[in-house]
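Q: I have a structure to read and I am new to this. Can we go through it feature by feature?

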Amino acid sequence: MARSKSTSQDRDMRGQALEAVAGNGLIDRRALLGRGMMFAGAMSTGVGPAAAGAEPLADDPWSLEIGDPMSPYQVPSKFEAKVKRTLSNPNNEPRNSHARTPHHLLEGTTTPNGLHFNINHGGVPNIDPDKHRLVIHGLVKQPLEFTLETLSRYPLTSRVSFLECGGNSAPMFSPEPMQETVQALHGLVSCAEWTGVKLSTLLEETGIDPKAKWLIAEGADSPHLSRSVPVKKALDDAMIALYQNGERLMPGNGYPMRLLLPGYEGNMNVKFLRRIKLVEQPQLSMYEARTYSQILPNGKAYRFYFLQEVKSFITYPSHGMALKGPGLYEISGLAYSGTGRIEKVMVSADGGQSWAQAALQEPVLSKAFTRFRMPWRWDGGPATLQSRAWDEAGNVQPTRTEFVAARGELTKPPPILGFPNQHYNSITSWGVGSGGEIKHVYA
Amino acid sequence: MFTPKHAILAASLLLAATAGVSWAETPHLGKPIDEAAIANWDISILPDGTGLPKGSGTPAQGAPIFAEKCAACHGDNGKGGGAAAALVDDRQINGISASQKTIKNFWPYATTIFDFVRRAMPFQMPHSLTDDEVYALTAYILAENKLIGANDAMNAETLPKVKMPNRDNFIIRFPDRI
């Protein structure tokens, strides 16, 4: 599908050169920096689209009357009603429930609390924060019990961290590209600022028996969900999170407290946390012995995958959108890695034949969403958009061919809400048709 | 005078130093609690059987409990067809889909069955079964899968000894993170 049009130099509206840096219309990312001036320059010199036939501007009704009263806790404009999570189990039938983040309708790097993804395994518990307790026991010197009130008096620390379900992007195991939005394909990852108490602080107070190699974290939800976590991670950057983007945790995100293990599989970040038991050996709970062990092509299975590896995907433009005519567009997307900061993101408009480095929006934080942007002049012809991320540890997002060679693929497309396998982090490709329509493709 | 509290502090300090944790003054607002008070919450069963309670159950004792409390979702005799996964299934793993996983062909430890059933089942009434009932249901599921004999009782001694066929088929993904 690649076309190597050699428009090596395009011109912006000030007549300056926009340097083409890769095939099919990708423009040097530094063009983004001067864009504001670009349009100002266009106005002052009178260069730009003709203004003929425009209606004279008049006051709209909302400019001629007093508006609505404010609400104590504001919600988005009614015109933004389509910006919502998709629910897998809206009637709370007796099974797991998922809510997916609409990345194709969001910008920046912070997931609003109401749109953060959720997975719950027995509904959302209705926990009275005054009655909730966190107990730390097992191979400790002194078992201790904490309340939300006492934990809130500890030194608090904030960090931005993405959280991703190990099964996010599972539809990508399909042998053919599923025609679904970014929300359906990659909606089980979100990013927030979390504030809480470092777990190491609490473990200093309980003391740790040197025999302890693992801890079992357990929730107060109906399945009493439990996962084993190496003490190594607990002493590194684990947190008992109490706040999410400045307010108390959302109920579906673990109110009133959850374990936060930056960069690790979402299910291990146990919500509604009520018990931590230090032990010598892992529990092999159902979630680790079965659900989050992944079958490999050779019939064996991975255990304790833990890491959410380096990954990126383009959110704009993406499946379900249509480009409205040739011209300058800004390709935008998200990159993140469980092993540190994003080092760089490369973007291709010709299905991987040529690549150009995208601009990374500051701040670029460890184990957090990084927004990348890439100017692109679409000439109206077919294009295949891809992004590929590198992290500071030297890990690179695999191509689909590389990924499938190692991890395999399904024999037929899975149900879109299913979890046929996990830890998919390969490249996502969007095919742009000559009418501007965008489809999910494998390239 | 060197008190037990000092010993705890000294041990903690030593551990903090050896683990590379920086020591800072902390509020010490946790309330000491003894293991007896935690017992009702302490429901984790480890693969070697650590944590298994007293009690016992046989497949025959489990059958009527299963019919009453489990079959509506897991199907008659655990063979599926309801809203939840089959628990009795003879298939071999074919392909990489998680739908291929069964207790018999995938679950590495029988203790996980006890642990999960006790903490999470029945779905609408979790943690409501007696330990004897959980042992009986575990025995029933294992026997229907022909992983134990039809008359084998499951208890704290026998359950950890059940050899699950797929036990040695797992690869630790990132050993250096453990």
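Q: Leaving aside neighbours within four places in sequence, which residues is A:M250 in contact with?
A: Two residues are in contact if their C-beta atoms, placed from the backbone, lie within 7 Å. By that rule A:M250 is in contact with A:N113, A:H116, A:Q244 and A:Y255. A:M250 and A:H116 are 134 residues apart in sequence, yet 8.9 Å apart in space, C-alpha to C-alpha. This is a predicted model: local features need pLDDT of at least 70, side-chain atom pairs count only at pLDDT 80 or more, and totals for chains, interfaces and linings use all residues. Residues are numbered from 1 along each chain as its sequence is written, while chains are lettered from A and ligands numbered from 1 in the order in which they are written.

Q: Where is A:M250 found?
A: Helices (H or I, at least four residues) and strands (E, at least two) are DSSP runs, numbered from the N terminus. A:M250 lies in the loop between strand 14 (247–248) and strand 15 (258–260) of chain A.

Q: Why is A:M250 called partly exposed?
A: Count the other C-beta atoms within 10 Å of a residue's own, all placed from the backbone: 20 or more means buried, 12 or fewer means exposed, and in between means partly exposed. A:M250 is partly exposed because it has 17.

Q: How many residues of helix 4 of chain A are buried?
A: In helix 4 (residues 199–206) of chain A, 7 of the 8 residues are buried. Among them are A:L199, A:L202 and A:E204. A:G207 follows helix 4 of chain A, and its phi is positive, near 75 degrees.

Q: Which residues have the most contacts inside the largest nonpolar core?
A: A nonpolar core is a set of buried Ala, Val, Leu, Ile, Met, Phe, Trp, Tyr and Cys residues joined through C-beta atoms within 7 Å. The largest one has 137 residues, and A:L26, A:L215 and A:I240 have the most contacts inside it. Helix 6 (residues 131–144) of chain B gives the most to this core, with 9 residues. Not counting residues up to four places away in sequence, A:L215 touches several residues, including A:V229, A:I276 and A:V279.

Q: How many residues does each chain bring to the contact between chain A and chain B?
A: Chain B brings 57 residues and chain A brings 58 residues.

Q: Which strand of chain B is joined to strand 18 of chain A?
A: Two strands pair if DSSP finds at least two bridges between them. Here 3 bridges join strand 18 (residues 301–303) of chain A to strand 4 of chain B, and the two run parallel. A:Y302 stands opposite B:I171.
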